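Here is a short tour of the model, meant to be read with the structure open beside you.

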There are 2 protein chains.
Amino acid sequence: MPKSHYKPDSFHLRDSIGYLIKRSQRLMQERIEGLFEQQNFTLQQWAVLMYLRDGLATTTADMCRNLHHDSGAMTRLVDQLESRKLIERRRSADDRRVVELSLTEAGAEVLDTLIPTACDALNSALDGFTREEVKTLQSMLRRLIGRMEELMPNSAAASDKEKVS
Amino acid sequence: MPKSHYKPDSFHLRDSIGYLIKRSQRLMQERIEGLFEQQNFTLQQWAVLMYLRDGLATTTADMCRNLHHDSGAMTRLVDQLESRKLIERRRSADDRRVVELSLTEAGAEVLDTLIPTACDALNSALDGFTREEVKTLQSMLRRLIGRMEELMPNSAAASDKEKVS
DNA sequence: CGGCAATGACTGCCTGGGCAGGCATTATAG
DNA sequence: CTATAATGCCTGCCCAGGCAGTCATTGCCG
């Protein structure tokens, strides 16, 4: 029996976790994209580059699953990054449906300037937080995400399943 | 001198607060809007109705400031809710530029069904959290929001300023 | 082998937000 | 009072994501 943290009778939007998360997310995004603006990058584009760099995804479909992004939108996003010579598409030899993505040198260089900017933004947002508080916040958000992925059968939760049997 | 919670050398996207918040936000929104889907409501529409009910905003401009929403988008959102007879527009007599918004009875009734649904969604997402943990999470998010509003001169931070002198 | 589902990438269409401009109304300065 | 700025609401345009459908390729099963 889950605790009822929120009750319909005494519910006020501004106390809701959903509202607070939404507001934080929006501010964070505006802030980081604002700092990226000179180089004209969006958070999603940055995420794709990061995932490529770290080998967390190598194909478009991978990227969509791991970043929980629409596949149509991903195609167009990849188009842009490719036309800016930051990544390359290459048809896979093994499975000719698949398009392998890879970071170009230019892409890697761009990341070297983007990452410190993002770190600064995060650190300044977390100014006043102790190490423990940040860890607590991370862990709580992860628990929240875990709970919600359990509750949503469809969308995701398939990210860490390819290691089964 | 703010602590450097994140360092460019050892930065991984999936540990970033920004990433975790974004993921939580998206899951939360999908979940609640999914539950609202039968009645076809979006989070923003719901927020407008809630703010009207609680008297947190009475005009379109108020709503935009408090919800940090685009004014053009707000006009269209209000159009929809009005055409569904959930709210009413009325030109103000004092200031004829202003359009006063008010909740209709139908709007209030809809809220009575929406709020329990949202509470359930929040409670089930927070299943496993103690009261203290929820309070901690709320307070951390508020601190984060506060920090970022300081860092962003433009967008907001004007919400609680009309009580000065 | 032959049929059929599943997968990956892509495309077209729709919707909603961001942004800039317009109009009416009100506030302010001279 | 008049000219100018500021405010509130609205509209048009653009862009990105959500969704459905297409096409090619691969896997599966008889």
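## Where the protein meets DNA strand C

With 4 residues, α4(A) gives the most to the surface near DNA strand C. Keep in mind as you look that this is a predicted model.

Sorted by class, the surface near DNA strand C has 11 charged, 8 polar and 4 nonpolar residues.

The side chain of A:Arg26 has an N or O atom 2.8 Å from a phosphate oxygen of DNA strand C. A:Arg97 reaches a base, with a side-chain N or O atom 2.9 Å from a base oxygen of DNA strand C.

In terms of elements, two or more residues of the surface near DNA strand C come from each of α3 (60–67) and α4 (71–83) of chain A, and from α4 (71–83) of chain B.

## How the two chains meet

Now turn to the protein–protein interface. How many residues of each chain take part? Contact joins 71 residues of chain B with 71 residues of chain A. The area buried between the two chains is about 7400 Å², and carbon and sulfur atoms give 67% of this area. B:His5, B:Met140 and B:Met148 supply 8% of the area that chain B buries against chain A, more than any other three residues.

There are also polar links to look for. Between chain B and chain A, 30 residue pairs are in polar contact, counting pairs with both residues at pLDDT 80 or more. The interface holds 8 salt bridges. A:Arg23 and B:Glu149 form a salt bridge through their side chains, at 3.1 Å from N to O.

## The face of chain B

Which helices of chain B supply at least two residues each to the side that touches chain A? They are α1 (17–36), α2 (43–53), α3 (60–67), α5 (105–125) and α6 (131–151). The largest share comes from α6(B), with 16 residues. By class, the side of chain B that touches chain A has 35 nonpolar residues, alongside 18 polar and 18 charged ones.

Notes: Residues numbered from 1 in each chain as written. Chains lettered and ligands numbered in written order. Predicted model: local features only at pLDDT ≥ 70, side-chain atom pairs only at ≥ 80, totals over all residues. Heavy atoms only, no water. Contact = heavy atoms within 4.5 Å. Buried area = accessible area lost by both parts, 1.4 Å probe. Salt bridge = Lys/Arg side-chain N within 4 Å of Asp/Glu carboxyl O. Polar contact = N/O pair within 3.5 Å; in protein donor to acceptor, adjacent residues only side chain to side chain. Nonpolar A, V, L, I, M, F, W, Y, C, P; charged D, E, K, R; others polar.
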